[in-house]
Amino acid sequence: MRRLCVLIILLATLSGCETDNIYSSAYCRFTFNTTIYPSSALTRAVASGGGDFCIVKATYKNGVPHLLLTPNRGTYAATDLDLTMNTAISGERISYASMGYKQGLIIGRSVYGQLRCYDLTCPNCDNIPDLQWSKQNTTDLLCTRCQRTYNIDGEFGYVKEGEQGHALTQYRNVRYTPDNGLLIVSNP
C-alpha cells in the first residue's frame, strides 16, 4: 500500500510539471482562397518550395476588412500586400476574431518545404504582437520588445539570439490544397 501511495504522489508530481509545448491550445480558424489573390505575398509563400513566409495581420480600413501582408523576402506590388477582403467568398472565409492570439499569423514553408503557421505574438512577452522580420536574416523574426530573435528556417521557431525562452507558438493543423486554392489554419 505504501508503494502505491508513493507511486501516486510521484505521478501527480510529474504530471504537474509544465512542459514547453510549442503547439498552441488557442482556437484558430483561418481560411484563405489563393485563387482570388493569385499574386499575393501569402499565395506565393504557401505555394513556394521553401523558405518563404508571410506575416498576416487582420485589420479594418474605413469599415472594410483587410489582410496586411509582410513577406520575408521578394518584391511585390502594393495590391499584393494589402488585400481588401470585400468579395462574398473571401469575406465568408475569414474570421478576424479567430486568427491567433491577436489577429496575426506567420504562414509559409520551412526550408525543408513543410507548411508552417506560427502565432504572430512573442511567447516570452505575454503574447504581445511585436514580431517583425530581422534585417540580418530573412528567416529570423525579432521581438521589438524583448529583443529575442526567433529562427523559422527549420521546423520549430526556436530562440536564436537573446535571452533563452519559449519557442514561437505553432498551429498544428495547416493545409494548403493547390487544386482548389484553399489555405486552412485551424486549431484544435
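**Strand pairing, burial and cysteines**

In strand 3, A58 has L67 as its bridge partner. This is a predicted model, in which local features need pLDDT of at least 70 and side-chain atom pairs count only at pLDDT 80 or more, while totals for chains, interfaces and linings use all residues. Residues are numbered from 1 along each chain as its sequence is written, and side-chain values use heavy atoms, with hydrogens and water left out.

**Confidence**

- The mean pLDDT of the protein, where pLDDT is the predictor's confidence in each residue from 0 to 100, is 83, and 83% of the residues reach 70 or more.

- Strand 5 in turn pairs with strand 6 in the antiparallel sense over five bridges, with L115 of strand 6 as the bridge partner of R109.
- The hairpin of strand 5 and strand 6 has five residues between the strands, and G113 takes a positive phi near 85° there.
- Strand 6 (residues 115–119) is mostly covered, since five of its five residues are buried, buried meaning under 20% relative accessible area, exposed over 50%, and partly exposed in between (1.4 Å probe, protein chains only).
- From strand 6, L115, C117 and D119 point one way and R116 and Y118 the other way, and all are buried.

**The open sheet 7-8-9-10**

- Four strands form an open sheet in the order 7-8-9-10, with antiparallel pairing.
- Strand 7 (131–133) and strand 10 (158–161) stand at the edges with a single partner strand each, so one side of each is left without a neighbour in the sheet.
- Neighbouring strands of this sheet are turned by 40° against each other on average, direction ignored; the axes are lines fitted to C-alpha atoms (for helices over the stretch in contact), and angles run from 0 to 180 degrees between N-to-C directions.
- Strand 8 (residues 140–143) and strand 9 (residues 149–151) run antiparallel and are joined by three bridges, and Y150 in strand 9 is the bridge partner of L141.

**The open sheet 1-12-11**

- Three strands form an open sheet in the order 1-12-11, again with antiparallel pairing.
- Strand 1 and strand 11 (173–177) are the edge strands, and each pairs on one side only.
- In this sheet, neighbouring strands are turned by 5° against each other on average, direction ignored.
- Six bridges join strand 1 to strand 12 (residues 182–187), and the two run antiparallel; the bridge partner of T31 in strand 12 is I184.
- N187 lies in strand 12 and counts as buried at 6% relative accessibility.
- A polar atom of the N187 side chain lies 2.7 Å from the backbone oxygen of S24.
- Leaving out residues up to four places away in sequence, N187 touches S24, S25, A26, Y27, C28, Y171, R172 and N173.

- P38 is placed in the loop between strand 1 (28–33) and helix 2, and P38 is exposed, with a relative accessible area of 57%.
- Although P38 and D80 are 42 residues apart in sequence, they are 8.8 Å apart in space, C-alpha to C-alpha.

**Cysteines**

- A search of the whole structure finds zero disulfides, a disulfide being a pair of cysteine sulfur atoms within 2.5 Å.
- The closest cysteine sulfur to that of C117 is in C28, at 5.9 Å, which is too far for a bond.
- C117 counts as buried at 0% relative accessibility, and C54 likewise counts as buried at 0%.

Terms used:
Two strands pair if DSSP finds at least two bridges between them. A polar contact is a pair of N or O atoms within 3.5 Å; within protein, one must be able to donate a hydrogen and the other to accept it, and residues adjacent in sequence count only if both atoms are side-chain atoms. Contact means heavy atoms within 4.5 Å.
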